[in-house]
Amino acid sequence: MDAILLILLIVGGATALSWPLGRYLRWAMDPVSLDGPAARFDRLFRAIGGRTTGADQDWKRYCIALLAFNVVMFGVCFAVLALQQWLPLNPDGKEALEGSLIFNTTASFTSNTNLQHYSGEVSLSYCSQLAALMWLQFVSAATGIAALTAMARGLAGRPVLGNFFVDVQRATFLVLLPLAVVLATAMVCGGMPMTLQGAVKATTLEGVEQVIARGPLAAFLAIKQLGTNGGGFFGPNSTHPFENPSFFTNVLSTIAIVLLPMASVWMFGRIVGRMRHATVVFAVMMALLLAKLAGAVAWEQAPTQAFAALPIAQDIGNLEGKELRFGAAAGPLWAVATTCTSNGSVNCMHDSLNPLTGLVPLAGMWLNATFGGVGVGMINMFVYIVLAVFVAGMMVGRTPEYLQRRVEMREVKLAVLAMFAHALFILGGTALFACTPWGTGTLNNVGAHGFSEILYEFSSASANNGSGFEGLGDNTVPWNVATGLVMLLARYIPIVLPLAIAGSLAKRRATASSAGTLAVDTPTFGVMLLATILFLGALTFFPAAALGPIAEHLQFIK
Amino acid sequence: MTTKPVSLFAAELVRPALADAFRKLHPRVLARNPVMAVTAVGALLTTAALFTAGDDLGFVLQLAVWLWFTVLFANFAEAMAEGRGKAQANALRAARAETFARRLRDDGTEQRVAATELKQGDRVAVAAGETIPADGDVIEGIASVDESAVTGESAPVIRESGGDRCAVSGGTRVLSDRIVVRVTAERGQGFLDRMIAMVEGARRQKTPNELALTVLLAALTLIFLLVCVTLRPFGDYAGVQLSTPVLVALFVCLIPTTIGALLSAIGISGIDRLIRRNVMATSGRAVEAAGDVDVLLLDKTGTITLGNRVATRLVPATGVEPERLADAAQLASLADGTPEGRSIVVLAKEQYGLRGRELTAPHATFVPFTAATRMSGVDLADGGGRPRRIRKGTADAIGRFVTEHGGRPDREVLAAAEQVARDGGTPLLVADGGRMLGVIQLKDVVKGGIRQRFAQLRAVGIRTVMITGDNPLTAAAIAAEAGVDAFLAEATPEMKLQRIRDEQAQGRLVAMTGDGTNDAPALAQADVGVAMNTGTQAAREAGNMVDLDSNPTKLLDIVEIGKQLIMTRGALTTFSMANDVAKYFAILPAMFAAIYATAGAPGPLARLDVMGLHSPESAILAAVVFNALIIVALIPLALRGVAYRPASAAVVLRRNLLIYGLGGLVAPFVGIKLLDLLLVALHLV
């Protein structure tokens, strides 16, 4: 019962907030009128950008600008991390980092993944945390919003997709920064530390000296949640009492995880001018989210397997790996929210979830479009939409069309390529590490659970999620290099390919719609889209799921 | 071309198709279809594994055999579809048997040459009993021509120089008279040659939608290849050695073999269905476009209405007995051989009991219709010597006629005539000397059932536009009666072309029919242009389809066939994908039953065997056999197309999702279970 109320509070609250936020996103990202405050900001951004913000770009130039910007950000972040021992804001004297870890961390934060093979409080200076990582948490999220805006413009039939350098500033300064300030303030009120002073040295009652790490947490946390980044200030992420002190901050954090991804859908609908279509897409995502939430929360009410046979009270659910201040329901709820979107922050240990509950976060990352990352979630969904439209369009007896543009070989090719890339990174990576010491040598568990750990790590990297199943000694050169590469490829391929689709659709002659054309704003299409997502996801990942969580689950069911 | 119905699996079609199925194992042929090509590679790998199979020989042998069957069944499906076309091509080829031509030199003398030597622009003379050597236009003379070789219609048709009936096809035979033909298409590119190439599928190129679907299927194949290839290291991790034949079996079951095997058969049979209705498409692309059509431009005459106007009503002037009007109208029309004239005689007979009379000279002098007088009629020398001059014609002409004969135009009659025109009819006034007797109402008769067809088209989102030379008033009345969505009155060829461009500019696909030379630009501009076979060579070249029956109503059938073609592809793709769920549940437990097993109990994944199959071998074999047999089971569906009922896209999608999506999900669970029982009963595993 409490769990249901909690789901209602979080999902309902986020949905309610997403609607006005979607309207605001449209206003900020794609201003319609030529005067007014949005236009004034526009002139400011163009002045800041100088020559780079000159002309509007077609999809190719837009992608080149996006990639170039990200390459520069990668370089800056790499340099800051590599030189942190000589840079200021290092009160605790953090040492140099190992090369492959710097690569992995830079790739991780540039790609909005925030997979962490380090513990922030142990390894990173405040300068690294703020100037490198937090900065990337802003601009990597802004990159996603900008990409979605551009894609929506293409699907609205505009020949040019806008200017990336203007869009990324709009997303950073008009969307993410104000929201982060509001959220950070709320978090400080909720008891979260916000300081640039070093760790506290305290003497306990036993007379032992204890070092208590702290830092500019509220600022870091706000953008970590809002930008579907998920990279924690501390190693234990939002299970740490400073990073998530109370029930209040927990609810607020969970809402912040799904808020912008939800609003992205509305922004998409407003730019393409198809709110009913956006509603259907939103409903499909919501159905998947609710199904996963229900499954995860229900399965987590069962006791952990280690306790199952013990003569103790079993009615409080699986508390292994959970924070007692949140209980057995808030953990799986967060786990679902953080993996449906590409956030990746955690407030419980996913490794300790019951096997089937552990399957739910995996499924979230495999589909990666149940709201998904800010901006990119809707972009991923677009790939599914293209395929659903293609098959459904044929079934109604016409050459398939989407938003009045005919879907032909080029679009299908690009869409399935994006699909294939995601599957390749996850299954290929898992296969490579499951049969070599690179993976098997780092496992802390054997059998199906160990397999899940490897599978989870690659799923998290490829979905740009960043959460970890843990139980894996993942700070090794093979893991750092492999996941670093996967994160980068899995970030930019699924942005560039859909933009290419939008660019090629924009060039097509618009077709008229009639009773004979497939309507993408009906419940029937919603069912078709849902079936497409489930089928493609299930058919691709079912064997892996069977060998991991399902096998583990069935092992213990008598 | 005769279209005698041949049953789907007639022996004369099946036997050559079986042979072709083996012939199509040639790597170059297989490479055209990526899904079946990798299936063949899988079969090859399994066959190779026979040498290292050891104890499993029986099992691997059966797997290999069924995998080869899967490929052969796909080939068979394609061969069946092609075979139906080939039978027709052979009949056409007979008509193209070597002929000689009499080429005319510039000085008018004749030169005997082989038909193959004819060049474009050559003039040839063809006399009665000779075969026309090549496609061309009649430039001299008139002849009756037997075109049954091309159209299957045995009644001869008239071909004459100039006008819209000048085109002749090579291979047809002149029955009477002598004509001179200017060759328009060289040997090998003529109409008959194009037909043969089309029905044989030799030149068949993949259409845009087919290409896109092929890419989708190839990509799905690639994803499943990834799934199956990674299963081996996954198995290694879990401590189970997966053999190549088992992995190949899973792979072939997962990839979309059903739609992959039937894809080209669907395309060929779509064209075949058109040919069966005597429509020749110049490309598969045109058939596909037909399914996308948003607007149909239909000529009124012949498509919406019966060819000719018919007298439907007589409106007598005040004080005139209806019988008197009927009598005069009939007299005026007795010698009128036009269909309209005949219909007046019939109306008088049926409504007023007046039998047609034999009027002979010297009592009667017939006055034929001329463009100058715009009326026709009869002059009667009565017994008393007082001559009667009866005329029927347009209001103007009869008005003048009455005045000349000392009478006055009757305002009431003129008003009645106007009313007739407003109702969509054509008024003919009847006068006897100086007196207007009344009005004959001639009306277009809308074809029976056409209104329902248009309503069906509207349901699937297709608008109909009627094209007519009539004035807007008449056009509006007929449009309302026939139920078209819009009309274009007083249409000229230029207006027609403009209308097509306007519709296309708004993103609509336009289909039209046409026959005259002045239709050619519009036919070329339209996305689907159906030329009538009776039309000019120019029209036939401009359109992308030719209707051999010259029946413009067939455009509606063409649209249905196009829709059905794409629908069949979508339905089978959905079916194919939905099938995979059951196959996973059959094969995965069989593969991994042993992993993580504790002593004495089966492994955890054995519980995924929800169908309760006999053994791992029987489960895998049952899935592979099901996968192969479903191809054969669906060949009739691929050749006939899925059931087409006109409805809106939403309804069609819902229905097809239920039948092919849900059906595809459930059917293999049942099928695999039954096959498993059968395999066990036959002691094959």
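Is Thr230(B) buried or exposed? Thr230(B) has a relative accessibility of 5% and therefore counts as buried, where buried means under 20% relative accessible area, exposed over 50% and partly exposed in between, computed with a 1.4 Å probe on protein chains only.

The structure is a predicted model, in which local features need pLDDT of at least 70 and side-chain atom pairs count only at pLDDT 80 or more, while totals for chains, interfaces and linings use all residues. Residues are numbered from 1 along each chain as its sequence is written, chains are lettered from A and ligands numbered from 1 in the order in which they are written, and side-chain values use heavy atoms, with hydrogens and water left out.

Thr230(B) belongs to helix α7 of chain B, residues 208-238; helices (H or I, at least four residues) and strands (E, at least two) are DSSP runs, numbered from the N terminus. The side chain of Thr230(B) reaches the backbone oxygen of Val227(B) at 3.0 Å. When neighbours within four places in sequence are left aside, Thr230(B) is in contact with Leu427(A), Gly428(A) and Ala431(A), contact being defined as heavy atoms within 4.5 Å.

These contacts lead to the interface of the two chains. In total, 62 residues of chain A are in contact with 62 residues of chain B. The two chains bury about 5,200 Å² between them, 76% of it on carbon and sulfur atoms; buried area is the accessible area (1.4 Å probe) that two parts lose on being put together, summed over both. The count of salt bridges between chain A and chain B is 1, a salt bridge being a side-chain nitrogen of Lys or Arg within 4 Å of a carboxyl oxygen of Asp or Glu. Arg398(A) forms a salt bridge with Asp294(B), and the closest N and O atoms are 3.1 Å apart. On the side of chain A that touches chain B, at least two residues each come from α14 (376-395), α15 (409-434), α17 (447-462) and α19 (523-556) of chain A. Of that side, α19(A) gives the most, with 16 residues.

Leaving aside neighbours within four places in sequence, Asn656(B) is in contact with Met395(A), Met567(B) and Gly661(B). Asn656(B) counts as buried because its relative accessibility is 2%.

Within chain B, helix α14 (residues 395-404) holds the buried residues Ala397(B), Ile398(B), Gly399(B), Phe401(B) and Val402(B). Their cover includes the strands β14 (375-381), β15 (387-393), β16 (425-432) and β17 (435-446) of chain B. Just after α14(B), Gly406(B) takes a positive phi of about 80 degrees. Elsewhere in chain B, Ala522(B) lies in helix α19 (residues 520-525) and is buried, with a relative accessible area of 2%. Ala522(B) touches Leu497(B), Ile500(B) and Met512(B), not counting residues up to four places away in sequence. Ala522(B) and Ile500(B) are 22 residues apart in sequence, yet their C-alpha atoms are 7.3 Å apart.

In chain A, Phe138(A) lies in helix α6 (residues 126-155) and counts as buried at 8% relative accessibility. Beyond residues up to four places away in sequence, Phe138(A) touches Thr172(A), Leu176(A), Leu177(A), Ala180(A) and Ile223(A). The C-alpha atoms of Phe138(A) and Leu176(A) are separated by 6.8 Å, although the residues are 38 apart along the chain.

Aromatic rings complete the picture. Over all chains the structure holds 29 aromatic pairs: rings of Phe, Tyr and Trp (its six-membered ring) pair if their centres lie within 6.5 Å, with planes under 30 degrees apart counted as stacked, over 60 as edge-to-face and the rest as tilted. Phe164(A) and Phe165(A) form an edge-to-face pair, 5.6 Å centre to centre with 75 degrees between the planes. Phe234(A) and Phe242(A) form a tilted pair, 6.4 Å centre to centre with 50 degrees between the planes. Phe234(A) is buried at 1% relative accessibility, whereas Phe242(A) is partly exposed at 27%. Ring pairs link Tyr126(A), Phe220(A), Phe233(A), Phe234(A) and Phe242(A) into a cluster.

Terms used:
A polar contact is a pair of N or O atoms within 3.5 Å; within protein, one must be able to donate a hydrogen and the other to accept it, and residues adjacent in sequence count only if both atoms are side-chain atoms.
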